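Subject: Structure handover

Hi,

Here is the structure I promised to pass on. Please open it first, then read my notes beside it.

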Amino acid sequence: MMKLSSLKKFRVAVSVLFFLLFAALFLDYSNFISPKYTNYITYLQFIPSLLKFLNLFSLTAAGFIFILLLTVLFGRVYCSSVCPLGILQDIISLVSRKLHKKKYYSLTKEYTLLKYLFLVLAVISILSGSLIIINLLDPYSNFGRIFTQLFKPLVLAINNVLVYALAKFNIYWLYPQEIKAANILLTLFPLLFLSLVFWLAYKHGRLFCNTVCPVGTLLGLLSRISLFKVEIEKDNCISCKLCERVCKSGCIDKENKSVDVSRCVSCFNCFQVCPTEGIKYKLNFKPQKKNKKAAIFDIEKREFISSVAVFFIGILGSAYAQKKIVGKKASKFPVFKKNPVSPPGSLSIKNFKDSCTACHLCISSCPSRVLQPSFLEYGFTGMLQPAMDYRTGFCNFECLICSQVCPSGAILPIGLEKKKTLQIGKAKFLKENCIVFTEKTDCGACAEHCPTKAVTMVPYGDVKSPEVKDEFCIGCGACEYACPTVPYKAIYVEGNAVHLTAKKKEEKQMKEKINYQEDFPF
Amino acid sequence: MDRREFIKRSALAALAAAPAASLGSISNLFAEPVLSKNSYDLVAVKGGEPDSMFDKAIESLGGMKNYVKKGQTVVVKPNIGWDTSPERAANTNPKLVARIIQHCFNAGAKEVYVFDHTCDNWTKCYSNSGIEKAVKDAGGKIVSGASEGYYQKVDIKHGINLTDAKVHELILSSDVFINVPVLKSHGGGRITVGMKNLMGIVWDRGYWHRNDLHQCIADFASFKRPELTIVDAYNVMMRNGPRGVSVNDLSPMKSLLISQDIVAVDAAAAKIFGLEPDDVPYIRIADKMKIGTKDLTRLNINRIKM
């Protein structure tokens, strides 16, 4: 049997593997990782898997059941080894410990009220069909947003610096990548969240996981009945306190020689340092009751609560700071969209809102950069969930990537043939803004880009003007993206609340037989 | 430039090429005397495959060595605007692109670059058009056109609506520029051929669309004359262009045009398409601006049927 002290090495190896996989997944900017494999990597992520399961009732989405079973057996190994945000926190505390050699952990106060409040809010959020709370709290999705919105632009910037350096030597095998963000303010959310997590992890190890994270709290409840529990062997323990010093969850009580299993993330650090096998993984069928009142130790409750409050107030603040951009009146008529456009495969806006955890993996994977975090397009409760933003790009006709990578079932897999007639919205033509009508000159950028020829150019005096035929439109937004009028577009896509099927344009074959011996027409 | 100057320039180019040819580093495939038949303003070929038609056409112009000298860098600009397969003919035929690159290398080119500022996602356009592979197999270098950093601002002295533009650095730094459009129908432009294809070497196309597309197309044609414009009219998209909906939009014309005069080659392409040059506003304007001639009767045309 594996020695207890080597369990930690195993845990670290698994964590590093998961972390690298997730970092690669969210930072990959050239779709190097095939979307086919993405679902294997995200399979075990608790909240997306749970939502997908609630949606589909399918075993392809049973990752969270596996995690529940794992927790019943071994405690919160998910938090230590599978959750990318948890691992990110470990990296932050590692840095903290390296910088402050004498940094030790000690038993921390349990914020019972706060943690159950977050859990209850999360559950209510799921039950009520509005995912805003769960989306703000889900560790995996927060990790995704931090990487997609904050770290990925950095990686792209580094890439671009390299590209221009190499181009000086006529080396072109690396390509520049455009950094496209529809709304720079939306990076405030992940920035605030990262600051909170960074500060907590830097100072207090896994306090976030034991107070704010609803997944941590839920699995904590479950781990009370886990078969294997970390427990102090009173006979062997020499009260050296080494275990308490390395416990990043702050759940080892040296005075009472007890471990609060519900807060233990099964990192096994204690096993490694114990000189006497005084702390053990024990098979224990008895559920652990709630532990007795422990004294408040190293942190001020007030300090902690205020920092959490700052985070949420910050979010609300940024919501108010956002205003509509008003530009020069070159094109006169503002575009007001009734509905946002949800990604192809999401079936309907409602279905999408009910299942998307806003992890931003689709945003990160979208080669056209058309998917962007939404602000209030889906309403306040849909904040940060991705929407099609035709200012930054348009949906590639031949691409299915978002539907392949989505871990929560908010965007369901679709076939390419189906996608090509899947109507996620309809193009609306605003004649008053169109060059052809305002300048009386030719343009045709919209029709040029239209993959289904729902938009065609028809004679209008000496020039040609756009004509939209709804039934062929799939709402890909190529016309809106290409439309050159500023600040308001002359053609835009109105989202379909429920996705429909467009007609396919079928036309007869052009001239088939040509006599190549005939003379040239000049 | 009038016709006399055109011929003079061609002859000078040919003379300059002669010493290079005599160095003997060039393949014997097209070993015709350099000055023999190099007086055509335009060559039109039909009935062959894209690559074999190009062989014939360039041969009748005295070979690529008249245009590409030993050690020069060449930039080839096909139309790679769309994420569609080669059968759809929304992009230039990859076989033609490959054959042009081979000829450039046979003429002694040091480096041949290929790029386009695409409309659809550029990586997908490059791979699904078959052009990326064709270029690599032929020994050329395929370069991105998808980033503003590659584009340098230039003045367009003779431009009326378009007086400056940001142009891809390869166009400015390469010795030889070969324009390889594919002939297609086009909603705003009527047809897209040589001059319209130059929209793929600039960054801000929206400006053109806002400021009289046809005038801007003609304006930009006055900026830099490609050494050659080679029109792929093998499969011609007769409707729903420039992206097309299906292969049903195509007519198998099996034709190819080549000329130094971008206006003349566009005029000839219009004829093949079934339009008069005057039906296409930017051809009319470019002719008026004396960028080239739309009057095909004034040209010495070599017509080849295969």
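Start with helix α10 (residues 262-273) of chain B. This helix has twelve residues and reaches 16 Å from its first C-alpha to its last. That is close to the 16 Å expected at 1.5 Å a residue. (The expected span is 1.5 Å times one less than the number of residues in the helix.) Helices (H or I, at least four residues) and strands (E, at least two) are DSSP runs, numbered from the N terminus.

Before going on, two ground rules. This is a predicted model: local features need pLDDT of at least 70, side-chain atom pairs count only at pLDDT 80 or more, and totals for chains, interfaces and linings use all residues. Residues are numbered from 1 along each chain as its sequence is written, while chains are lettered from A and ligands numbered from 1 in the order in which they are written.

Back to α10(B). Eleven of its twelve residues are buried, so the helix is largely enclosed by the rest of the structure. Buried means that 20 or more other C-beta atoms lie within 10 Å of a residue's own; exposed means 12 or fewer, and partly exposed is in between, with C-beta atoms placed from the backbone. The buried residues include B:Ile262, B:Asp266 and B:Phe273. Just after the helix, B:Gly274 takes a positive phi of about 100 degrees.

**The core**

The largest nonpolar core has 224 residues. Such a core is a set of buried Ala, Val, Leu, Ile, Met, Phe, Trp, Tyr and Cys residues joined through C-beta atoms within 7 Å. α10(B) gives the most to this core, with ten residues. The core also draws at least three residues from each of domain 1 (4-283) and domain 2 (349-501) of chain A. B:Val97 and B:Ala269 have the most contacts inside the core. Two residues are in contact if their C-beta atoms, placed from the backbone, lie within 7 Å. Leaving out residues up to four places away in sequence, B:Val97 touches B:Val76, B:Val114 and B:Val180, among others.

**Chain B as a whole**

Chain B has eleven helices and 13 strands. Of its 306 residues, 60% are buried.

**The two domains of chain A**

Chain A is divided into domain 1 and domain 2. The bounds come from an automatic or database domain assignment. Taken over C-alpha atoms, the domain centres are 36 Å apart. Their contact takes 36 residues from domain 1 and 30 residues from domain 2.

**Where the chains meet**

How many residues of chain A are in contact with chain B? The count is 40, and they meet 43 residues of chain B. α21 (445-449) and β8 (455-460) of chain A each give two or more residues to this side of chain A. α21(A) gives the most, with four residues.

**Backbone details**

Two peptide bonds are worth a look. A cis bond joins A:Val486 and A:Pro487, with omega about -5 degrees. The bond from B:Gly241 to B:Pro242 is also cis, with omega near 5 degrees. B:Pro242 is in the loop between β10 (228-237) and β11 (250-251) of chain B.

B:Ala89 is not a glycine, yet has a positive phi of about 55 degrees. B:Ala89 has 27 C-beta neighbours inside 10 Å, so it counts as buried. B:Asp212 has a positive phi near 65 degrees. With 24 C-beta neighbours inside 10 Å, B:Asp212 counts as buried.

Best wishes
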